[in-house]
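Subject: Structure for you, with notes

Hello,

Here is the structure for you to look over. My notes follow below it.

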Number of protein chains: 2
Amino acid sequence: MQRAEAPIGVFDSGVGGLTVMREIIRQIPKERVVYFGDTARVPYGNKSRDTILKYSRQIIRFLKTKEVKTIVVACNTASAVALEEIRGELDMPIIGVIKPGAKTAIKATRNGKIGIIGTETTVRSKIYSHFIQDLNPNLTVIGKACPLFVPLVEEGEFLKSSIAAEIATHYLKDLKKEGIDTLILGCTHYPLMRKLIGQIMGEQVILVNPAYETARGLKELLKQKGLENQKEIAESENPYAFYVSDTVDKFQQFAENILTYSAENTMKINIEDY
Amino acid sequence: MQRAEAPIGVFDSGVGGLTVMREIIRQIPKERVVYFGDTARVPYGNKSRDTILKYSRQIIRFLKTKEVKTIVVACNTASAVALEEIRGELDMPIIGVIKPGAKTAIKATRNGKIGIIGTETTVRSKIYSHFIQDLNPNLTVIGKACPLFVPLVEEGEFLKSSIAAEIATHYLKDLKKEGIDTLILGCTHYPLMRKLIGQIMGEQVILVNPAYETARGLKELLKQKGLENQKEIAESENPYAFYVSDTVDKFQQFAENILTYSAENTMKINIEDY
């Protein structure tokens, strides 16, 4: 197989990164993708940098066995704390979700006040602030960790109830008070609560979903590096492969809901072996 | 060191098992304890049997390096899906939290209707029903998974708010309707929400905390096996050691709150190496 025909490797702590994969499929449909979800060790959002770095390295070793041509860190927490270190160890292009999200927010804001919501580890890393203020020191960035959003999405049961609305209202109230006009959904699960977050923040606040911009950035990167797949994928071939570290059932359901695409070829692997 | 002077090994997916350790310290203060919390892979409650079995085996291999004389599986999910298999592989006594909790509930019920709340994996295993109905087939056991309780306890922020009350009311409403008179808190985190659960269920419902009965069972087991520590522990010695798979800081805080005891000697280890 030619290098350009090789798959893109995408990974996340679990199912959240499927929102990034969905954008990749939409924007670059001619590419093969291998997705890994670390469902046996999910979530990453309240774990330490060292642990997430170790997990990310294991996953990249696994993805390399699938001969991927590039890697997408489709998890904000891993992008926040592990990406820069991993990039130096890698012999292929790698992109995360932070920079694309930060750039979009900079373009979107009119009053210079940007909010970012994410996991504890992502928000504590202040990485969105660093990126944004490196590019424009006049912008204000206000972060807020929303640790219950991931379990709310994963369980699903309360997502449409007043309970989710109350939790979200509580988390978002300070950002509203600060008068931000742009809000980065800094966790790949959050686009699945987009409607509720939008209702609470109000129409005047632009919600930035880094998944969209990440897929755009990936397309650009493949072009730059001459890695775009030019050869048509046969109708009979399934261009998407899914791997998880825990059982496949629950993941498959989630994947098929998010992607509206069959994930029946999902396989479980022992990630600690890598 | 004599076998009887060796420590007891206690493990859990994270901090929840500290409620069991608290009871052990209260009821058998003359024993040394080594606690392991798998904070890098927490939670276990929505993961598969195979994954939990693998993790439990790794942890037991680690505890054996600490020369423990017996093992307490202070996690309902691991007790539910891994204990029986592990027992056969082990050359020392091991106890979990399920049987002690089930026995207490049988003694407590007056109308024969017992409720059990726990994680998805624990409730799906139906292990409490099996134990209870083996001992008395006339009893009715009704299980309900409460997957948001663990993140609510771990995050803490909403525990005293109306949001926690609404979530708990929602989860518990069917058990209330069924007219249970006894409710097993089938997850080691739940005793930390005991007051709220009691308020919702009402005074007539007895709440069973398996931690208490597990410590009693452990005391009995050590006696039977001639493993009780007879020798006074020196004032200068710290009889409690704590190990975790992720960073120590957050764990230490939690441990000191639950145990009202210093956990400053907490150490991080790489559990995947075992």
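A polar contact here is a pair of N or O atoms within 3.5 Å; within protein, one must be able to donate a hydrogen and the other to accept it, and residues adjacent in sequence count only if both atoms are side-chain atoms. With that in mind, look at T188(A): a polar atom of its side chain lies 3.5 Å from the backbone nitrogen of G17(A).

Some conventions before the rest. This is a predicted model, in which local features need pLDDT of at least 70 and side-chain atom pairs count only at pLDDT 80 or more, while totals for chains, interfaces and linings use all residues. Residues are numbered from 1 along each chain as its sequence is written, chains are lettered from A and ligands numbered from 1 in the order in which they are written, and side-chain values use heavy atoms, with hydrogens and water left out.

Around T188(A)

T188(A) sits in the loop between β7 and α10 of chain A. Helices (H or I, at least four residues) and strands (E, at least two) are DSSP runs, numbered from the N terminus. T188(A) counts as buried because its relative accessibility is 6%. Buried means under 20% relative accessible area, exposed over 50%, partly exposed in between (1.4 Å probe, protein chains only). Contact means heavy atoms within 4.5 Å. Beyond four places in sequence, T188(A) has contacts that include D12(A), G16(A), A74(A) and N76(A).

G16(A) lies in the loop between β1 (8–12) and α1 (18–27) of chain A. At 1% relative accessibility, G16(A) is buried too. Leaving out residues up to four places away in sequence, G16(A) touches Y35(A), T188(A) and H189(A).

Helix α10(A)

Which residues of α10 (194–201) in chain A are buried? They are L196(A), I197(A), I200(A) and M201(A). These residues span an arc of only 125° around the axis, so they lie on the same side of α10(A). The arc is taken from the directions from the helix axis to the C-beta atoms. K195(A) and Q199(A) are exposed, on the face turned away from the buried side. The cover over the buried residues includes β5 (113–118), α8 (149–155) and α9 (162–178) of chain A. G202(A) follows α10(A), with a positive phi near 95°.

The sheet in chain A

Four strands form an open sheet in the order β6-β5-β7-β8 (chain A), paired in parallel. Two strands pair if DSSP finds at least two bridges between them. β6 (140–145) and β8 of chain A are at the edges with a single partner strand each, so one side of each has no neighbour in the sheet. The twist averages 25° from one strand to the next. Axes are lines fitted to C-alpha atoms, for helices over the stretch in contact, and angles run from 0 to 180 degrees between N-to-C directions. Between β5(A) and β6(A) there are 6 bridges. I114(A) has V141(A) as its bridge partner in β6(A). Helix α7 (127–135) of chain A packs on the sheet and touches β5, β6 and β7 of chain A, its direction making about 170° with that of β6(A).

Strand β2(B)

In chain B, 5 of the 5 residues of β2 (33–37) are buried, so the strand is largely enclosed by the rest of the structure. V33(B), Y35(B) and G37(B) are on one side, V34(B) and F36(B) on the other. β2(B) runs parallel to β1 (8–12) of chain B, joined by 5 bridges. β2(B) also pairs in parallel with β9 (240–244) of chain B over 5 bridges.

Best wishes
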